[in-house]
Amino acid sequence: MMFDKIFRGYRVVSRSSVLSLKSGLAEEINVGFYTDYMSTKTQFRNVGESITLQWTQDGVSKIILPDAGVSENSMQLKGFLDWYGRFENPTVDKAIERLAGYGFIDITEDEALKSDLQNLLAYYTEDKTENLSASEKEMIEEIAKYNAGNLKLSQLKHYFSDKTTIFSDLKNRI
């Protein structure tokens, strides 16, 4: 099984097709260290320390830290927390801008893509691929390789880069 290295990431819950906001929250951002190795079919696996930023309906923000706090080894996370501590109720957009500045990448869309891939595989079983074109069948085969752990998500996204219309057509037929 192939896996990507551990990377810094965040996901914006309100923009996620996989996650949903808890009642009373206007926004939530999960920040931490992730890997695609041994991830669920729709989410990246969280490895290491993570924090949660929450904004309530009335605009108040709060941060949820790990029970043991954030270690000195998590320099980017510590740097972001230092920045966060200097502001009173920073906006969601400001927090996202600073996360990007500390090298955290937005995995929200990638998790939506992972969910779409699972839907395609569930729908296009062997008996439903008979009517597909050769390029559509090839795409389903590549998705199955990813699903089996024989292809990284980054490799699959590269494969999709010049085949976006095929992917869209397959999704729209579900």
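**Chatting through the helices and the sheet**

Reader: How do H4 and H5 pack, and what's the angle?

Author: In this predicted model, H4 and H5 pack at an angle of about 170°, and their axes are 10 Å apart.

Reader: Okay, so are they roughly parallel or roughly antiparallel?

Author: Roughly antiparallel, because angles over 145 degrees count that way, and H4 and H5 therefore fall into that group.

Reader: Which residues meet there?

Author: From H4 you have Ser-135, Glu-138, Met-139, Glu-142, Ile-143 and Tyr-146. On the H5 side they meet Leu-153, Leu-156, Tyr-159 and Phe-160.

Reader: Phe-160, then. What is Phe-160 in contact with, leaving aside neighbours within four places in sequence?

Author: Phe-160 is in contact with Leu-113, Leu-117, Met-139, Ile-143 and Phe-167, once those sequence neighbours are set aside.

Reader: And which residues have the most contacts inside the largest nonpolar core?

Author: That core has 22 residues, and the ones with the most contacts inside it are Leu-117, Met-139, Ile-143, Leu-156, Phe-160, Phe-167 and Leu-170. The elements giving two or more residues to this core are H3, H4, H5 and H6. Another core, of 20 residues, lies apart from it, and includes Ile-29, Ile-51, Trp-55 and Val-70.

Reader: What does Glu-136 touch, not counting residues up to four places away in sequence?

Author: With those left out, Glu-136 touches Ile-166, Asp-169, Leu-170 and Arg-173.

Reader: Switching topic: what's the strand order in the open sheet?

Author: The order is S4-S3-S2-S1-S5, five strands in an open sheet with mixed pairing.

Reader: Why is one side of S4 and of S5 left without a neighbour in the sheet?

Author: Because S4 and S5 (105-106) stand at the edges, and each has a single partner strand.

Reader: How do S1 and S5 pair?

Author: In the parallel sense, over two bridges, with S1 covering residues 7-12. Tyr-10 has Asp-106 in S5 as its bridge partner.

Reader: And how many bridges join S3 to S4?

Author: Four, and those strands run antiparallel, with S3 at residues 45-56 and S4 at residues 61-64. Gln-54 stands opposite Lys-62 in S4.

Reader: What's in the turn of that hairpin?

Author: There are four residues between S3 and S4, and Gly-59 in the turn has a positive phi of about 90°.

Reader: Which strands does helix H2 lie across?

Author: Helix H2 (residues 92-101) lies across S1, S2 (25-35) and S3, and runs at about 10° to S2. Helix H3, residues 108-123, packs on the sheet too, touching S1 and S5, with its direction at about 80° to that of S1.

Reader: How far does H3 reach from its first C-alpha to its last?

Author: H3 reaches 23 Å with its 16 residues, close to the 22 Å expected at 1.5 Å a residue.

Reader: What covers the buried residues of H3?

Author: The cover includes S1, S5, H4, H5 (153-160) and H6 (164-172). Among the buried residues of H3 are Leu-113, Leu-117 and Leu-121.

Reader: Last one: where is Gly-79?

Author: Gly-79 is in helix H1, residues 75-85, and it is buried with a relative accessible area of 14%. Its C-alpha is separated by 35 Å from that of Phe-160, 81 residues apart along the chain.

How values were computed. Residues numbered from 1 in each chain as written. Predicted model: local features only at pLDDT ≥ 70, side-chain atom pairs only at ≥ 80, totals over all residues. Heavy atoms only, no water. Contact = heavy atoms within 4.5 Å. Buried < 20%, exposed > 50% of the residue type's maximum accessible area, 1.4 Å probe, protein only. Pairing = 2+ DSSP bridges. Axes fitted to C-alpha atoms, helices over the stretch in contact; angles between N-to-C directions. Expected span 1.5 Å × (residues − 1). Core = buried A, V, L, I, M, F, W, Y, C linked by side-chain atoms within 4.5 Å. Parallel < 35°, antiparallel > 145°, perpendicular 65-115°, else oblique.
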